[in-house]
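Reader: Could you walk me through the ligand site and the pockets of this model?
Author: Gladly; let us look at it together.

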Amino acid sequence: MAASSRLISRLTLVTGGGSGIGRAVCQRFASEGASVVVADRNEESANQTLELLSRDHKGQGHLALGVDVSSKDSVEKLVTSIQVKFMCLSCFLAAPPSVCVNAAGITQDEFLLKMEEDEFDKVIEVNLKGTFLVTQAVSKALVSAGAVKGSIITVGSIVGKVGNIGQVNYSASKAGVEGLTRTAAKELSKFGIRCNCVLPGFITTPMTDKVPEKVIDKLTAVIPMGRMGEPAEVADACAFLASDDSRYITGISIEVAGGLFIG
Ligand code: NAP
(Lines give C-alpha, C1' and ligand atoms only; values in the text may rest on other atoms or scores of the structure.)
Protein backbone atom coordinates (compact mmCIF):
# COMPACT_ATOMS: atom_id res chain seq x y z
CA MET A 1 0.00 0.00 0.00
CA ALA A 2 1.28 3.50 -0.78
CA ALA A 3 2.67 5.24 2.31
CA SER A 4 0.17 8.07 1.84
CA SER A 5 -2.86 5.82 2.39
CA ARG A 6 -1.61 3.36 5.00
CA LEU A 7 -3.67 4.81 7.86
CA ILE A 8 -7.01 5.46 6.13
CA SER A 9 -9.89 5.28 8.66
CA ARG A 10 -7.57 4.50 11.58
CA LEU A 11 -8.87 6.38 14.61
CA THR A 12 -5.69 7.60 16.31
CA LEU A 13 -5.18 9.14 19.75
CA VAL A 14 -2.05 11.27 20.11
CA THR A 15 -1.20 12.54 23.62
CA GLY A 16 1.02 15.60 23.72
CA GLY A 17 -0.42 16.35 20.27
CA GLY A 18 -0.32 20.10 20.85
CA SER A 19 3.42 20.52 20.42
CA GLY A 20 6.69 19.26 18.99
CA ILE A 21 6.84 15.55 18.20
CA GLY A 22 3.16 14.94 19.07
CA ARG A 23 2.04 17.65 16.65
CA ALA A 24 4.25 16.22 13.88
CA VAL A 25 2.74 12.78 14.52
CA CYS A 26 -0.78 14.25 14.19
CA GLN A 27 0.16 15.88 10.87
CA ARG A 28 1.88 12.79 9.46
CA PHE A 29 -0.94 10.45 10.49
CA ALA A 30 -3.62 12.77 9.06
CA SER A 31 -1.65 12.94 5.80
CA GLU A 32 -1.86 9.14 5.64
CA GLY A 33 -5.64 9.22 6.09
CA ALA A 34 -6.10 8.74 9.86
CA SER A 35 -8.80 10.45 11.94
CA VAL A 36 -6.75 12.10 14.67
CA VAL A 37 -7.71 12.94 18.25
CA VAL A 38 -5.24 15.56 19.44
CA ALA A 39 -5.02 15.31 23.25
CA ASP A 40 -2.95 17.63 25.40
CA ARG A 41 -3.05 19.29 28.80
CA ASN A 42 -2.57 22.53 26.90
CA GLU A 43 -5.97 22.82 25.18
CA GLU A 44 -4.99 25.96 23.30
CA SER A 45 -2.07 24.24 21.60
CA ALA A 46 -4.20 21.12 20.95
CA ASN A 47 -6.71 23.36 19.17
CA GLN A 48 -3.91 24.94 17.13
CA THR A 49 -2.86 21.46 15.95
CA LEU A 50 -6.52 20.71 15.14
CA GLU A 51 -6.70 23.87 13.01
CA LEU A 52 -3.66 22.69 11.02
CA LEU A 53 -5.24 19.27 10.45
CA SER A 54 -8.62 20.73 9.52
CA ARG A 55 -6.91 23.07 7.03
CA ASP A 56 -4.67 20.45 5.39
CA HIS A 57 -6.67 17.23 5.78
CA LYS A 58 -10.37 18.15 5.85
CA GLY A 59 -13.27 15.78 6.32
CA GLN A 60 -11.44 13.12 8.32
CA GLY A 61 -13.24 13.89 11.62
CA HIS A 62 -10.28 15.18 13.62
CA LEU A 63 -10.90 16.30 17.20
CA ALA A 64 -9.01 18.11 19.99
CA LEU A 65 -9.51 17.24 23.68
CA GLY A 66 -7.87 18.23 26.94
CA VAL A 67 -6.23 15.58 29.12
CA ASP A 68 -3.80 15.25 31.98
CA VAL A 69 -2.17 11.88 31.30
CA SER A 70 -1.00 11.61 34.92
CA SER A 71 -4.62 11.51 36.15
CA LYS A 72 -6.57 8.24 35.87
CA ASP A 73 -9.86 10.10 35.97
CA SER A 74 -8.82 12.47 33.18
CA VAL A 75 -7.53 9.62 30.98
CA GLU A 76 -10.70 7.56 31.46
CA LYS A 77 -12.86 10.58 30.58
CA LEU A 78 -10.76 11.13 27.46
CA VAL A 79 -11.18 7.56 26.21
CA THR A 80 -14.93 7.60 26.99
CA SER A 81 -15.37 10.92 25.13
CA ILE A 82 -13.61 9.48 22.08
CA GLN A 83 -15.79 6.37 22.12
CA VAL A 84 -18.99 8.43 22.39
CA LYS A 85 -17.91 10.86 19.68
CA PHE A 86 -16.93 8.12 17.22
CA MET A 87 -19.75 5.67 18.07
CA CYS A 88 -20.96 3.66 15.07
CA LEU A 89 -24.29 5.30 14.18
CA SER A 90 -25.78 2.19 12.58
CA CYS A 91 -24.79 -0.37 15.25
CA PHE A 92 -24.39 1.95 18.29
CA LEU A 93 -21.10 0.25 19.19
CA ALA A 94 -18.39 2.34 20.85
CA ALA A 95 -15.32 2.92 18.71
CA PRO A 96 -12.06 3.08 20.64
CA PRO A 97 -8.92 4.39 18.96
CA SER A 98 -7.11 1.53 17.20
CA VAL A 99 -3.86 3.49 17.22
CA CYS A 100 -2.42 5.41 20.17
CA VAL A 101 0.77 7.42 20.33
CA ASN A 102 1.98 8.34 23.84
CA ALA A 103 3.94 11.53 23.16
CA ALA A 104 3.04 13.65 26.22
CA GLY A 105 6.13 14.20 28.30
CA ILE A 106 8.01 16.65 30.48
CA THR A 107 11.51 17.31 31.77
CA GLN A 108 12.53 18.81 35.10
CA ASP A 109 16.32 18.65 35.01
CA GLU A 110 18.59 18.73 38.04
CA PHE A 111 21.71 16.90 39.20
CA LEU A 112 21.09 13.79 41.31
CA LEU A 113 22.71 15.40 44.34
CA LYS A 114 20.36 18.38 44.17
CA MET A 115 17.09 16.93 42.91
CA GLU A 116 14.01 17.39 45.10
CA GLU A 117 11.63 14.48 45.63
CA ASP A 118 8.76 16.30 43.90
CA GLU A 119 10.92 16.95 40.80
CA PHE A 120 11.53 13.23 40.57
CA ASP A 121 7.89 12.30 41.22
CA LYS A 122 6.39 14.77 38.72
CA VAL A 123 8.44 13.47 35.80
CA ILE A 124 7.69 9.84 36.68
CA GLU A 125 3.98 10.67 37.05
CA VAL A 126 3.66 12.20 33.60
CA ASN A 127 6.14 10.18 31.55
CA LEU A 128 5.86 6.72 33.10
CA LYS A 129 2.54 6.59 34.97
CA GLY A 130 0.90 8.62 32.18
CA THR A 131 2.05 6.04 29.63
CA PHE A 132 0.68 3.26 31.85
CA LEU A 133 -2.71 4.95 32.31
CA VAL A 134 -3.20 5.73 28.61
CA THR A 135 -1.95 2.34 27.43
CA GLN A 136 -4.22 0.57 29.92
CA ALA A 137 -7.32 2.65 29.11
CA VAL A 138 -6.92 2.29 25.35
CA SER A 139 -6.18 -1.43 25.45
CA LYS A 140 -9.09 -2.10 27.85
CA ALA A 141 -11.42 -0.26 25.45
CA LEU A 142 -10.07 -2.20 22.46
CA VAL A 143 -10.44 -5.56 24.20
CA SER A 144 -14.02 -4.74 25.38
CA ALA A 145 -14.98 -3.66 21.87
CA GLY A 146 -13.69 -6.97 20.48
CA ALA A 147 -11.25 -5.16 18.21
CA VAL A 148 -8.95 -7.43 16.25
CA LYS A 149 -6.02 -5.12 15.91
CA GLY A 150 -4.39 -2.14 17.56
CA SER A 151 -1.04 -0.42 17.70
CA ILE A 152 0.24 1.49 20.74
CA ILE A 153 3.41 3.50 20.25
CA THR A 154 5.27 5.20 23.09
CA VAL A 155 7.81 7.94 22.62
CA GLY A 156 10.69 6.94 24.90
CA SER A 157 14.16 8.44 24.61
CA ILE A 158 17.67 7.36 23.83
CA VAL A 159 18.61 8.64 27.31
CA GLY A 160 16.50 5.85 28.84
CA LYS A 161 19.19 3.52 27.49
CA VAL A 162 22.36 5.49 28.11
CA GLY A 163 21.48 8.02 30.84
CA ASN A 164 22.11 11.76 30.70
CA ILE A 165 23.68 14.14 33.19
CA GLY A 166 20.99 16.18 34.99
CA GLN A 167 18.17 13.82 33.96
CA VAL A 168 18.05 11.10 36.59
CA ASN A 169 14.24 11.44 36.76
CA TYR A 170 13.70 11.66 32.99
CA SER A 171 16.07 8.82 32.07
CA ALA A 172 14.43 6.57 34.69
CA SER A 173 10.97 7.38 33.28
CA LYS A 174 12.10 6.62 29.73
CA ALA A 175 13.82 3.35 30.71
CA GLY A 176 10.54 2.51 32.47
CA VAL A 177 8.36 3.00 29.40
CA GLU A 178 10.51 0.54 27.46
CA GLY A 179 10.00 -2.15 30.11
CA LEU A 180 6.29 -1.33 30.25
CA THR A 181 6.05 -1.60 26.46
CA ARG A 182 7.83 -4.95 26.25
CA THR A 183 5.53 -6.38 28.93
CA ALA A 184 2.39 -4.89 27.37
CA ALA A 185 3.47 -6.40 24.03
CA LYS A 186 3.67 -9.86 25.59
CA GLU A 187 0.30 -9.54 27.35
CA LEU A 188 -1.65 -7.89 24.52
CA SER A 189 -0.43 -9.84 21.47
CA LYS A 190 -3.23 -12.35 21.91
CA PHE A 191 -5.72 -9.51 21.37
CA GLY A 192 -3.98 -8.34 18.19
CA ILE A 193 -2.58 -5.25 19.93
CA ARG A 194 1.04 -4.42 19.16
CA CYS A 195 3.11 -2.18 21.46
CA ASN A 196 6.38 -0.53 20.46
CA CYS A 197 8.60 2.43 21.33
CA VAL A 198 10.44 5.02 19.33
CA LEU A 199 13.53 6.44 20.99
CA PRO A 200 14.35 9.93 19.73
CA GLY A 201 17.82 11.38 20.22
CA PHE A 202 17.95 15.18 20.30
CA ILE A 203 15.06 16.67 18.35
CA THR A 204 14.31 20.34 17.73
CA THR A 205 11.12 21.07 19.72
CA PRO A 206 9.97 23.45 22.49
CA MET A 207 11.37 20.86 24.96
CA THR A 208 14.93 21.23 23.64
CA ASP A 209 14.53 25.00 23.09
CA LYS A 210 15.15 25.21 26.85
CA VAL A 211 18.65 23.67 26.49
CA PRO A 212 21.45 26.30 26.40
CA GLU A 213 23.02 26.83 22.96
CA LYS A 214 26.50 25.79 24.08
CA VAL A 215 25.10 22.45 25.32
CA ILE A 216 23.30 21.96 21.98
CA ASP A 217 26.58 22.63 20.15
CA LYS A 218 28.39 20.01 22.26
CA LEU A 219 25.60 17.50 21.67
CA THR A 220 25.49 18.10 17.94
CA ALA A 221 29.25 17.53 17.76
CA VAL A 222 28.82 13.94 19.00
CA ILE A 223 25.88 13.03 16.75
CA PRO A 224 27.35 10.99 13.84
CA MET A 225 24.85 12.57 11.42
CA GLY A 226 26.01 16.00 12.62
CA ARG A 227 22.64 17.60 13.39
CA MET A 228 19.60 17.54 15.67
CA GLY A 229 16.60 15.60 14.38
CA GLU A 230 13.28 17.03 13.21
CA PRO A 231 9.91 16.08 14.78
CA ALA A 232 8.76 14.84 11.35
CA GLU A 233 11.58 12.28 11.37
CA VAL A 234 10.23 10.79 14.60
CA ALA A 235 6.69 10.90 13.17
CA ASP A 236 7.86 8.83 10.16
CA ALA A 237 8.95 5.99 12.48
CA CYS A 238 5.64 6.24 14.41
CA ALA A 239 3.66 5.99 11.15
CA PHE A 240 5.55 2.82 10.22
CA LEU A 241 4.80 1.27 13.63
CA ALA A 242 1.11 2.26 13.36
CA SER A 243 0.71 0.80 9.89
CA ASP A 244 0.40 -2.77 8.64
CA ASP A 245 3.94 -2.44 7.27
CA SER A 246 5.02 -3.38 10.81
CA ARG A 247 2.32 -6.04 11.34
CA TYR A 248 4.79 -8.68 12.65
CA ILE A 249 6.67 -6.28 14.91
CA THR A 250 5.90 -5.89 18.61
CA GLY A 251 7.82 -5.16 21.81
CA ILE A 252 10.69 -3.34 20.11
CA SER A 253 12.26 0.12 20.23
CA ILE A 254 13.33 2.03 17.13
CA GLU A 255 16.07 4.61 17.70
CA VAL A 256 15.63 7.85 15.76
CA ALA A 257 18.82 9.51 16.89
CA GLY A 258 21.12 10.19 13.92
CA GLY A 259 23.47 7.44 15.10
CA LEU A 260 23.91 8.88 18.60
CA PHE A 261 25.21 6.19 20.99
CA ILE A 262 25.40 3.49 18.32
CA GLY A 263 26.23 0.19 20.01
P1 NAP B 1 7.01 19.33 23.83
O2 NAP B 1 7.13 20.13 22.59
O3 NAP B 1 7.20 19.97 25.14
O4 NAP B 1 5.59 18.57 23.78
C5 NAP B 1 5.10 17.83 24.85
C6 NAP B 1 3.61 18.08 24.97
O7 NAP B 1 3.10 17.24 26.03
C8 NAP B 1 3.28 19.53 25.36
O9 NAP B 1 2.21 20.02 24.59
C10 NAP B 1 2.92 19.40 26.82
O11 NAP B 1 2.05 20.41 27.29
C12 NAP B 1 2.23 18.04 26.82
N13 NAP B 1 2.11 17.53 28.17
C14 NAP B 1 2.97 17.66 29.20
N15 NAP B 1 2.48 17.08 30.31
C16 NAP B 1 1.26 16.58 29.99
C17 NAP B 1 0.26 15.90 30.70
N18 NAP B 1 0.39 15.62 32.01
N19 NAP B 1 -0.87 15.51 30.06
C20 NAP B 1 -1.03 15.80 28.75
N21 NAP B 1 -0.13 16.47 28.01
C22 NAP B 1 1.01 16.86 28.62
O23 NAP B 1 8.07 18.13 23.81
P24 NAP B 1 8.57 17.15 22.63
O25 NAP B 1 10.01 17.38 22.50
O26 NAP B 1 7.68 17.19 21.45
O27 NAP B 1 8.39 15.76 23.38
C28 NAP B 1 7.42 14.79 23.00
C29 NAP B 1 7.85 13.45 23.58
O30 NAP B 1 9.12 13.11 23.01
C31 NAP B 1 8.06 13.48 25.09
O32 NAP B 1 7.62 12.26 25.63
C33 NAP B 1 9.56 13.61 25.23
O34 NAP B 1 10.01 13.07 26.44
C35 NAP B 1 10.02 12.78 24.04
N36 NAP B 1 11.38 13.07 23.58
C37 NAP B 1 11.73 14.30 23.12
C38 NAP B 1 13.04 14.51 22.69
C39 NAP B 1 13.52 15.82 22.14
O40 NAP B 1 14.73 15.95 21.90
N41 NAP B 1 12.66 16.79 21.92
C42 NAP B 1 13.96 13.47 22.75
C43 NAP B 1 13.57 12.24 23.24
C44 NAP B 1 12.26 12.04 23.65
P45 NAP B 1 2.70 21.73 27.97
O46 NAP B 1 3.09 22.60 26.82
O47 NAP B 1 1.59 22.27 28.78
O48 NAP B 1 3.88 21.27 28.78
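**The ligand and its pockets**

Reader: How far does a backbone N or O atom of I203 lie from an oxygen atom of the ligand?
Author: First, a word on the basis: this is a predicted model, where local features need pLDDT of at least 70 and side-chain atom pairs count only at pLDDT 80 or more, while totals for chains, interfaces and linings use all residues. Residues are numbered from 1 along each chain as its sequence is written, and side-chain values use heavy atoms, with hydrogens and water left out. For I203, a backbone N or O atom and an oxygen atom of the ligand are separated by 2.8 Å.

Reader: Which residues come nearest to the ligand?
Author: A residue is near a molecule or strand if one of its heavy atoms lies within 4 Å of it. There are 28 residues around the ligand, and those that come nearest are S19, I21, D40, Y170 and T205. I21 also has a polar backbone atom 2.7 Å from an oxygen atom of the ligand. So the names you asked for are S19, I21, D40, Y170 and T205.

Reader: Which element gives the most to the shell around the ligand?
Author: Helices (H or I, at least four residues) and strands (E, at least two) are DSSP runs, numbered from the N terminus. Two or more residues of the shell come from each of α1 (20-31), α6 (168-188) and α7 (206-209). With 3 residues, the element that gives the most is α7.

Reader: What volume does the largest pocket have?
Author: On a 1 Å grid over the protein atoms alone, a pocket is an open set of points where a 1.4 Å probe fits, with protein on both sides within 12 Å along at least five of seven lines; lining residues have an atom within 4 Å of a point. Grid points are joined across faces, edges and corners, and a volume is the space filled by probe spheres set on the points. For the largest pocket, this volume is about 1,300 Å³.

Reader: Which element gives the most to the lining of the largest pocket?
Author: The lining has 50 residues, with I106, T107, Y170, M207 and T208 nearest the centre. At 5 residues, the element that gives the most is α8.

Note on methods
Polar contact = N/O pair within 3.5 Å; in protein donor to acceptor, adjacent residues only side chain to side chain.
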